[in-house]
Amino acid sequence: MKSTGIKQLAKNNKAYHEYFIEEKFEAGIELCGTEVKSIRQGKVNLKESYCTIKDGQLYIRQMHVSPYEKGNIFNRDPVRPRRLLMHKREILKLHAKVKQDGYALIPLSVYLNGPYVKIGLALAKGKKLYDKRESAAKKDAQREIERKMKTH
């Protein structure tokens, strides 16, 4: 019996602070058995991770997957580059966008879609310091408005 639920395992909150998210994508990921078991336990970190395209292949780098305790000799390097699975057309389209105007491919989340581990990616543009201050001020103003609405 297949479960169709989506279960969030890790989220990259720093990405929303550091980048303007332009477009979102979903990709599969190529993993070995012990990595899947470790990810299912939620032992994955996206904090410093990013994606690159090399020779028509999409890779995620610096994603930390803690070694599986019962994996012993089968465990792999926790931060090894892992291949992401997308259609060739999509990868080529992303490559064309990334090559121009300061776009970057940033992983946003790791989740289970049924039995499969998926990565949520974003085509993003870096924020400048003043952009970060501006978005923080907007968030504070919105919070203040909501607080006033609750009291009245």
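This is a predicted model: local features need pLDDT of at least 70, side-chain atom pairs count only at pLDDT 80 or more; totals for chains, interfaces and linings use all residues.
Q: Where is Asn 12 placed?
A: Look at what comes on either side of this residue. Strand E1 covers residues 6–11, and helix H1 covers residues 13–18. Asn 12 therefore sits in the loop between strand E1 and helix H1.

Q: Does Asn 12 count as buried or exposed?
A: A residue is called buried when its relative accessible area is under 20%, and exposed when that area is over 50%. For Asn 12 the relative accessibility is 4%. Because 4% falls under the 20% cut-off, Asn 12 counts as buried.

Q: Why is strand E9 described as largely enclosed by the rest of the structure?
A: Strand E9 takes in residues 116–126, which makes 11 residues. It is largely enclosed because the number of its residues that are buried is eight of the 11.

Q: How many bridges join strand E8 to E9?
A: Strand E8 covers residues 103–113, and it runs antiparallel to E9. The two strands form a hairpin with two residues between them, and Gly 114 in the turn has a positive phi of about 65°. The number of bridges joining E8 to E9 is 10.

Q: Which residue in E9 is the bridge partner of Pro 107?
A: Let's look at E9 from both sides. Strand E2 (residues 19–29) also runs antiparallel to E9, joined by nine bridges, and Phe 25 stands opposite Leu 121 in E9. The bridge partner of Pro 107 in E9 is Leu 121.

Q: What share of the contacts between residues at least 6 apart in sequence join residues at least 24 apart?
A: Here we turn to the whole protein chain. Its C-alpha trace spans about 60 × 40 × 30 Å along the principal axes, and 34% of its 152 residues count as buried. Among contacts between residues at least 6 apart in sequence, the share joining residues at least 24 apart is 69%.

How values were computed
Residues are numbered from 1 along each chain as its sequence is written. Side-chain values use heavy atoms; hydrogens and water are left out. Helices (H or I, at least four residues) and strands (E, at least two) are DSSP runs, numbered from the N terminus. Buried means under 20% relative accessible area, exposed over 50%, partly exposed in between (1.4 Å probe, protein chains only). Contact means heavy atoms within 4.5 Å. Two strands pair if DSSP finds at least two bridges between them.
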